[in-house]
Amino acid sequence: MRRFPLQMGNSSMATDHVVILLLDLALICVGSRLLGGLARRLNQPAVIGEIISGVLMGPTLLHGAVGDTLFPQEIRPHLAALASLGVVLFMFAVGFELDHRLLRGKRRAIAAVSIGSVVPTFALGVLVAWHLASGHPTGDRISSILFLGVAMSVTALPVLARILHDRGLNRTAVGSLAVSCAAVTDALAWMTLAVVTMLANRDSQQWRMAFIPVFVALLPAFRPLARRLMARTEHSGGSAWEPLAFVLPGLLLSAAWTEWMGLHYIIGAFLFGLLLPKDGLPRVRFEIEDAVHKMGTSLLLPVFFVIAGLKVDLSRIGAGELGDFALIMLVAVSSKFGGVFLAARAVGMDRTRAAALGTLMNTRGLTELVMLSAGLGLGLLDQELYSLMVLMAVFTTVLTGPLLRLLYPRHAIAAEVERSAPAESEAAPSRP
């Protein structure tokens, strides 16, 4: 009873916060939609416009006056919580949409190109990180250096799938190989990130990591139960909300468990999506994907872009930082392109298709941004290096379209589509 007057006394402040939060969410939805649409008109993935909308609301413009006015400090924790939920749903979708059938019949090519995509980029990324470490000190130098190598190795599978669809390459051998290799590359990147996270947190509540084997054992054990429940919905014609009733709690528990153990919550979300059964369940699979994307992509991911953008300050980049950025871009683009190109040539691809594949694998986009936000939260990046890496993610994704048009013109794509027409159709994720 004594708490009732206190709640009444704070009701005005609480109401103000709710009003500002709702207005901010409306602004984020409108801004991301407008700039996403503008990006599409410029033949760019919508995610580029959404990332830029977040950066424009941060401290880059007018030393943060725009962001401080629109997103007061007391509202940002609420936005950050919604952004985290959006990332959980996104990482679940990335894992859930990975299709092992893409690996059939071309394991040698996938293995070669995936190695060519990851190993040179990771190795040179580590060298660049070692060079930059003195100017960008962090708490754990070795973990920070390894993290930067992992971050440079990423290929954004969802954005890549969208580019392939827009270019008509999703039904070609090149597009199929690109999606397969991006899936393998990203899976390796997230697993490596889990190891780096453990190294970074080895002095912090280390006893919790003893539960990692329990988590690894229990997560696959959930699969048979999930399959039975999903199959019952598939054959009974029930709503997708029936499997979602246990999928969503399982997803949140998996993400919370990995966060509690000292790994990042994105690892738990990704692994849960990866291990959830999907073969032989086409309707339930589609409806789960559709429901998760509606919840995540329409509202929560744009919130994540704003939260990520509020941490990017390009106004502080001077000549020295531009030199660092040029080095990061040179290594990120050339090592990924060169490694993929040489690997593709080694397995018999001609120069044109090998160059197209190398260009496609340089797409980083949203996946890179999620990983960089995790690195910043773990203290593996400082503010300036985070800003430079976000800029690299944007530039490498923006360059994919123009370079693809130059190296793989439309007549070559048309010939590739005709050549691939008799081949069996392969499922690939196509959502941005």
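An axis here is a line fitted to C-alpha atoms, for helices over the stretch in contact, and angles run from 0 to 180 degrees between N-to-C directions. Helices (H or I, at least four residues) are DSSP runs, numbered from the N terminus. This is a predicted model: local features need pLDDT of at least 70, side-chain atom pairs count only at pLDDT 80 or more, and totals for chains, interfaces and linings use all residues. Residues are numbered from 1 along each chain as its sequence is written, and side-chain values use heavy atoms, with hydrogens and water left out.

Start with a pair of helices. Two packed helices are described by the angle between their axes and the distance between the axes. Helix α12 packs against helix α15 (residues 365-377) at an angle of about 55°, and their axes are 11 Å apart. The two helices, α12 and α15, are therefore oblique to each other. Angles under 35 degrees count as roughly parallel, over 145 as roughly antiparallel, 65 to 115 as roughly perpendicular, and the rest as oblique.

Side chains of opposite charge can pair when their charged atoms come close. A salt bridge is a side-chain nitrogen of Lys or Arg within 4 Å of a carboxyl oxygen of Asp or Glu. The whole structure holds four salt bridges. One of them joins the side chains of Glu289 and Arg285 (3.1 Å, N to O). Why can these two be described as about one helical turn apart? Because Glu289 and Arg285 lie four residues apart in helix α12 (residues 282-309). Both Glu289 and Arg285 are buried. Buried means under 20% relative accessible area, exposed over 50%, and partly exposed in between (1.4 Å probe, protein chains only).

Now look at Arg76. Its side chain meets that of Asp68 in a salt bridge (3.0 Å, N to O). Arg76 is buried, at 17% relative accessible area. Asp68 is partly exposed, at 43%.

Asp350 and Arg353 also form a salt bridge through their side chains (3.3 Å, N to O). Asp350 is partly exposed, at 34% relative accessibility, whereas Arg353 is buried, at 19%.

Finish at the surface. Which residues form a nonpolar patch there? Phe211, Val214, Leu218 and Trp260 do, with about 330 Å² of accessible area together. Phe211 sits in the loop between α8 (173-200) and α9 (212-236). Phe211 is partly exposed, with a relative accessible area of 34%. Patches are made of residues with over 30% relative accessible area and no salt bridge: like charges are joined within 9 Å, nonpolar side chains (Val, Leu, Ile, Met, Phe, Trp, Tyr) within 5 Å. Accessible areas come from the Shrake-Rupley method with a 1.4 Å probe; for residues, only the protein chains shown count as cover.
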